[in-house]
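My notes follow in the order in which I went through them.

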Amino acid sequence: MKLSRQFTLFGSAIFCVVVFSLYLMLDHLQLDRTKNPSSGSSFPGQLTILQEKIDHLERLLAENNEIISNIRDSVLDLSESVKDSKGSPEVGNQSRVGYPELLASPPLVIPIQQEDCHFAAKPYNKPADGVQMLDVYDLLSFDNPDGGVWKQGFDISYNENEWDTEPLQVFVVPHSHNDPGWLKTFDDYYRDQTQHILNNMVVKLHEDERRRMLWSEISYFSKWWDSIDSQKRDAVKSLIERGQLEIATGGWVMPDEANTHYFAMIDQLLEGHQWLERNVGVKPKTGWAVDPFGHSPTMTYLLKQAGMSNMLIQRVHYSVKKHFAIQKTLEFFWRQTWGKDTTTDILCHMMPFYSYDVPHTCGPDPKICCQFDFKRLPGGRISCPWRVPPQTINDGNVKERALMLLDQYRKKSKLFRTHVVLAPLGDDFRYNEASEWDQQFQNYQKLFDYMNSHPELHVKAQFGTISDYFSALRPAAAVDPVSNTSPLLPVVSGDFFTYADRDDHYWSGYFTSRPFYKRLDRVLESHLRAAEILFSLALASVQKANKWNDFPSLENYKLLTEARRNLGLFQHHDAITGTGKDWVVVDYGTRLFHSILNVKRVMANSAHWLVLKDKGAYIHSSSMPLLQMDDVQPAQDALPRKMVLKLSTRPRSLVIYNPTEQDRWSVVTVYVNTPRVRLQTASGHAVTAQVSAVWEETTRFLILLQNLPTCPRQLSFVAQVPALGLTVYRLTEAVELRTVPVDYTFLKQHEELSVDSAEPFRVDIPQDDSLPISIENPLIKIWCSATTGLMEVIKYKEGGVEHKVEVGFVWYGTTSNRDKSGAYLFLPDGEAKAYTPNHAPVIRVTKGVVFSEVTTTYQHVTHTLRLYNVQGIEGQSVEISNTVDIRGEFNREIAMRITSDLNSSDRFFTDLNGFQIQPRRTMAKLPLQANFYPMTTMAYIQESGVRLTLLTAQSLGVSSLKSGQLEVIMDRRLMQDDNRGLGQGVQDNKITANLFRLLLEKRSETFKPEWSYPSLLSHITSMYLNHPVIPMVVSPNYDSLTFAPLSPLRAALPCDVHLVNLRTIQAKEGAGPSHEVALILHRRGFDCEFSNRNMGLLCSTTQGKLPMGKLFSELSVQSVTPASLSLMHTLDGGRSQEEIQLKPMEIRTYRVQLR
């Protein structure tokens, strides 16, 4: 161990020399410039010299990065060789005090190139014609005066001759919005409605070539396609070729845009687009999102990167719609906030009225528009609420009806800057009967024929698709096809949350509804991504070894495909939102649950091949797998449980997989049947491990499972796993105690506590329970209340500054008004009330060499604060886990509130889809529920010099209602419907585990409130939280096999580059895999003004450059072809690239062939 540390110290010394040399070189360049000043006449020469020096410096930095990687590899190799030669030193009863050197320390500071800091440091520059949504919210009064026939708008008038020189163009777009689950399950909707809609479409569109139809959801379309014959498929293809049928967006679903993570948003888009390419040959051009409850710029970015030029949105706050209508800015270029030019712009149409149904799409007066929804003709199953029914169009009424409809079209056109009008014609599950096709198309055609045959009306009306509309809009708005700019249309940045459709009815409840399944969604995302990467690596390795027939590639690929589709289905805006019927939620949960089991099989099968030292010994057995996961989830609505690993004198192997692109030091916990464990690396080096008890507890009593026969213990240790790699550890039952037991302290106010014999643990029940509780690691110390067990103060040791950071819980009730909170709406009865438990909580303090924690058990929440004793990412933040159970409550919502001494004023920041940060402002003019926003991965508050970040492993609603506060809603139980169509409350609550990390950081400069980026530490902490290492246990039946660790990458990726996915592409024929993978990379934007010390990372930044030829250690890259995000389009002429370079915030996809 001593010699190993010497080698590590030697490597660190070399690293310091390299860094110091770079510093001297920079200083020398600066001295050269000051000692040899040039006259003003030689300024161009100075620039040339400076440019040469910069180029030289870049080369030196690149060489330095390679030196660092080589040092890293050398140190690790030397360390392993020392371990092999030294043998296996034993770990005895170590001291319970202090922090043992669990691992050699990585470099102290991450080398970050100065150029990589420029991006976040640039001030935000709003375009001259730009609209920033935060500014719009400042302007609006958010009142709701009666607007007349357009209740939320205003009266619209026009002059008859306005269209004399430029006729009005009207595009009526028939569509059917098919929810893949809501009031019925996906399969029930398909059986009862969707298949009939699509079957009728083929027949009815062929009857008249002037007819058009728009479709969006590929989940339904693919299911129908599998059921039809080749003749009908050819008929569909001909409709698409003639422009009668358009596939818009083309994702697996129309996703929610608040709770979804960008990994899953991309994955469902890719699945839909790949299906379309293989089966229909269609490449969607336009986005169509009529029903998501608010809109995120992340979705616009993904559509743009996928190759789309246009998009449509609908559900936007009614006050925002009114403001945009007054300004005539309902059509705009939606730009990312960091966008400095038109690169990220996409042309967007915002529908102006209340809904996407027919009464709210032809014009401002729903009473009139409803009369042109011909499904509502007298005698049908639905009618107009305004009690004026439609009339069948005939020669006697066509003039009067056509002029009435034209009046609405003209009034609608007054809200826009061109004479091109869009009028969608559809609703949920429309056109499922042949009679409706006839009613709508025949009656509208008569109206169009009349309008078009009377030139004095100056109108051309027709059926169209959404792309037909945008094709007419672009020239009308003078959009330059090259620069993608228009003198008529503004540029808008920001998002459209939180949505309200009327009054104070803000849709902020669904940010949290059904949180159990929001967490399950993220578990599947993490597992699917991990399985995709392992499978792609295994497949390439199998191909290289010419063992294609031995590996179950087809079986595994089918499991991956099913998991992609089940995850994609859950991104639907009535699935992840928690706004479906109870039995529909169970159906979604069952799909997620089965797919988690399946992708675990894929991971185990892939790791089996990769970790096996002798590939010739590989035999696949589905009945007796080599590897199995160390946890079991018994049902779709239950929390997972750890398997107990039964140890004996024969070694058991534990394989640990790191699904992240960074070399990693992470705490791994497994359950074992004995505290006497000998833990070693694959090379025989002893590893320090902590052993702790497994407890079950309530507020009234404690059970120490340690004292039961065959009881499990927790074994925790710090595992070192290479990027995307596998590490092997061996566990053996020892004769004597070789692990380090933890110490326990128990407290409960005003009550006696007793704990039976708890050997080998030391248990303390102090008589004086008034003193604060504290736990610490080498970097952080926190103090908790001895009464509540909740955190009160946090101190980062490096700076020595303490901050008040108090954690607490609060209740929200629901209003006494007629409209109450439900699955969609959050309508509280005022400010939150403090959580006051009926009984004093039991507080358990655990102190150990690997982690220390404080666990407090309340009636509704089991709350744990944990600190890891790791010199790296996991040691820099406080882990917070809350197991929530409010199944017995009535109309209550429970929130965790964090109150600090930071002076954050009314500002806070939330992420959008885990991709970007959106500044927020708490507005007193808005009701409390309007100040809640979606939090997918993080939210933070800050003052000058300090930032407090809450990182989350599940999507929830968050706010900062007062300066220094962050508040997150953790679960909701509501007894009634909120009148948005669901027809029920939310009463199917589960015991739900929520996981967070709390990070306090110093910032070296005053923050700029206009825009913000996370720190590098925050990014990687979030990645570790959402993508934990995955332990797999080797079956005892395979003890004779030899396993070797896997390091698939030559070095970790640059610190700011995230591997979104390495996804094997389906073969052109059949359901199996091809020899190509989709490499999806994201270069994160980060703020350099935060410390990058003690992060434990072996990476640097490289200005987004990645040499593909040097990426993998054993596999070779045959070709790298740039493509659009979802592989629809090949970019850069299809030329293979040896080096790729990403811009900050950019997501890029490449087709890669590995061998």
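I started with strand E19 (residues 690–693) and strand E22 (residues 713–721), which pair in the antiparallel sense over four bridges. I took strands (E, at least two residues) and helices (H or I, at least four) as DSSP runs, numbered from the N terminus. I counted two strands as paired if DSSP finds at least two bridges between them. The bridge partner of Ser692 is Gln714 in E22. These strands belong to an open sheet of five, ordered E15-E17-E22-E19-E24, with mixed pairing. Strand E15 (644–645) and strand E24 (740–741) are at the edges with a single partner strand each, so one side of each has no neighbour in the sheet.

I noted the provenance next: this is a predicted model, in which local features need pLDDT of at least 70 and side-chain atom pairs count only at pLDDT 80 or more, while totals for chains, interfaces and linings use all residues. Residues are numbered from 1 along each chain as its sequence is written, and side-chain values use heavy atoms, with hydrogens and water left out.

**Whole chain.** I find 18 helices and 51 strands in the protein chain. Of its 1155 residues, 63% are buried; buried means under 20% relative accessible area, exposed over 50%, and partly exposed in between (1.4 Å probe, protein chains only). I also looked up contacts, meaning heavy atoms within 4.5 Å. Among those between residues at least 6 apart in sequence, 76% join residues at least 24 apart.

**Antiparallel sheet.** I then turned to an open sheet of five strands in the order E12-E45-E16-E23-E18, where the pairing is antiparallel. Strand E12 (627–629) and strand E18 (677–681) are the edge strands, each with a single partner strand, so one side of each is left without a neighbour in the sheet. The twist averages 30° from one strand to the next. Within this sheet I checked strand E16 (residues 652–657) against strand E23 (residues 726–733) and found antiparallel pairing over six bridges. Val655 has Val728 in E23 as its bridge partner. Helix H17 (residues 582–611) packs on the sheet and touches E12, E16, E23 and strand E45 (1030–1034). The direction of H17 makes about 140° with that of E12. Axes are lines fitted to C-alpha atoms, for helices over the stretch in contact, and angles run from 0 to 180 degrees between N-to-C directions.

**Helix H6.** I asked how much of H6 is enclosed by the rest of the structure. Seven of its eight residues are buried, so H6 is largely enclosed. The buried residues are Ile218, Ser219, Tyr220, Phe221, Ser222, Trp224 and Trp225. Among the elements that cover them are helix H5 (186–207), strand E3 (213–215), H7 and helix H16 (553–570).

I looked at the H7 side in detail. H6 (residues 218–225) and H7 (residues 230–241) pack at about 140°, with axes 11 Å apart. The two helices are therefore oblique; under 35 degrees counts as roughly parallel, over 145 as roughly antiparallel, 65 to 115 as roughly perpendicular, and the rest as oblique. In the contact, Phe221, Trp224 and Trp225 of H6 meet Lys232, Arg233, Val236 and Lys237 of H7.

**Parallel pair.** I found E5 (residues 286–289) and strand E6 (residues 310–313) running parallel, joined by four bridges. Trp288 has Leu312 in E6 as its bridge partner. Thr286 and Trp288 point one way from E5, Gly287 and Ala289 the other way, and all are buried.

**Val845.** This residue lies in strand E32 (residues 842–847) and, at 3% relative accessibility, counts as buried. Beyond its neighbours within four places in sequence, its contacts include Asp743, Tyr744, Ile773 and Val854. Its C-alpha atom is 8.9 Å from that of Gly789, 56 residues away along the chain.

**Backbone exceptions.** Most residues other than glycine have a negative phi, and most peptide bonds are trans. I listed the departures. Phe497 and Thr498 are joined by a cis peptide bond, with omega about 0°. Phe429 has a positive phi of about 50° and is buried, with a relative accessible area of 6%. Arg514 has phi near 55° and is buried at 4%. Arg514 sits in the loop between E11 and H15, and Thr498 lies in the loop between strand E11 (491–493) and helix H15 (515–544).
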